[in-house]
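Me: I would like to go through this model with you, one region at a time. Could we settle the terms as we go?

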Amino acid sequence: MIFVTVGTHEQPFNRLIKKVDELIELRIIEEDVIMQTGFSTYEPRHCQWKKLFPYDEMTKNINEARIVITHGGPASFIMPLQIGKIPIVVPRQKKYGEHVNDHQMDFVKAVSNRMRNIIPVFNIEELQKAIVEYEEDIDDMNIEKVSHNKQFNDRFILEIKKLFGEDCLLKNKI
């Protein structure tokens, strides 16, 4: 499954929603797609979608997705990173009326260059390639090298077990 989110910014991000819908229609994307369209005015015709998902549903969709495609808002692409997924990130652009400036372009470039843990797509026509070559691209980007969240969490749980015992984690559902 592919999950697409455009965040909750009040300007539409029709360019991304339309492109994914087109890739489904052309059968370039053959798996299920779920979209969170936010304030976009384009309504997808080829997949399941909602304007906004409750947090629990967002988390569920991100966890279950093989690929997460998101806009360039940090909160939207950090969530997949926190669970060990490498998102495809398409920044909103001012010239298309998707945001008030191009800070998402600048931020995505900076994160991509520094952290190398996202797949940036600055030209929407490159989205198809990013999706088709996703598995190859992430094989070259070992997320464990760029994210220490899992390592920290494992060590933290081990310390809690030492301090409070195994039962503490089970009782508190940690």
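This is a predicted model: local features need pLDDT of at least 70, side-chain atom pairs count only at pLDDT 80 or more; totals for chains, interfaces and linings use all residues.

Me: Which backbone oxygen does the side chain of arginine 15 reach?

Reply: That of proline 91, at 3.4 Å.

Me: What else does arginine 15 touch?

Reply: Leaving aside residues up to four places away in sequence, arginine 15 touches Gln93, Tyr96, Glu98 and Ile124 as well as Pro91. Contact here means heavy atoms within 4.5 Å.

Me: Is arginine 15 buried or exposed?

Reply: Arginine 15 is buried, because its relative accessible area is 15%. Buried means under 20% relative accessible area, exposed over 50%, and partly exposed in between (1.4 Å probe, protein chains only).

Me: Where does arginine 15 lie?

Reply: In helix H1. Helices (H or I, at least four residues) and strands (E, at least two) are DSSP runs, numbered from the N terminus.

Me: How many residues of H1 are buried?

Reply: 9 of the 12, so H1 is largely enclosed by the rest of the structure. Among them are Leu16, Ile17, Val20 and Leu23, together with Lys19 and Asp21.

Me: What do they pack against?

Reply: The buried residues of H1 pack against strands E1 (2–5), E2, E4 (67–71) and E5 (88–90), and against helix H5 (127–132).

Me: Changing topic, what follows H1?

Reply: Arginine 27 follows H1. Its phi is positive, about 65 degrees, although arginine 27 is not a glycine. Arginine 27 sits in the loop between H1 and E2, and it is exposed, with a relative accessible area of 64%.

Me: Which other arginine has a positive phi although it is not a glycine?

Reply: Arginine 116, at about 55 degrees. Arginine 116 is in the loop between helix H4 (103–115) and strand E6 (119–120), and it counts as exposed because its relative accessibility is 54%.

Me: Last one: where is isoleucine 28?

Reply: Isoleucine 28 is in the loop between helix H1 (14–25) and strand E2 (33–36). At 30% relative accessibility, isoleucine 28 counts as partly exposed.

Methods:
Residues are numbered from 1 along each chain as its sequence is written. Side-chain values use heavy atoms; hydrogens and water are left out. A polar contact is a pair of N or O atoms within 3.5 Å; within protein, one must be able to donate a hydrogen and the other to accept it, and residues adjacent in sequence count only if both atoms are side-chain atoms.
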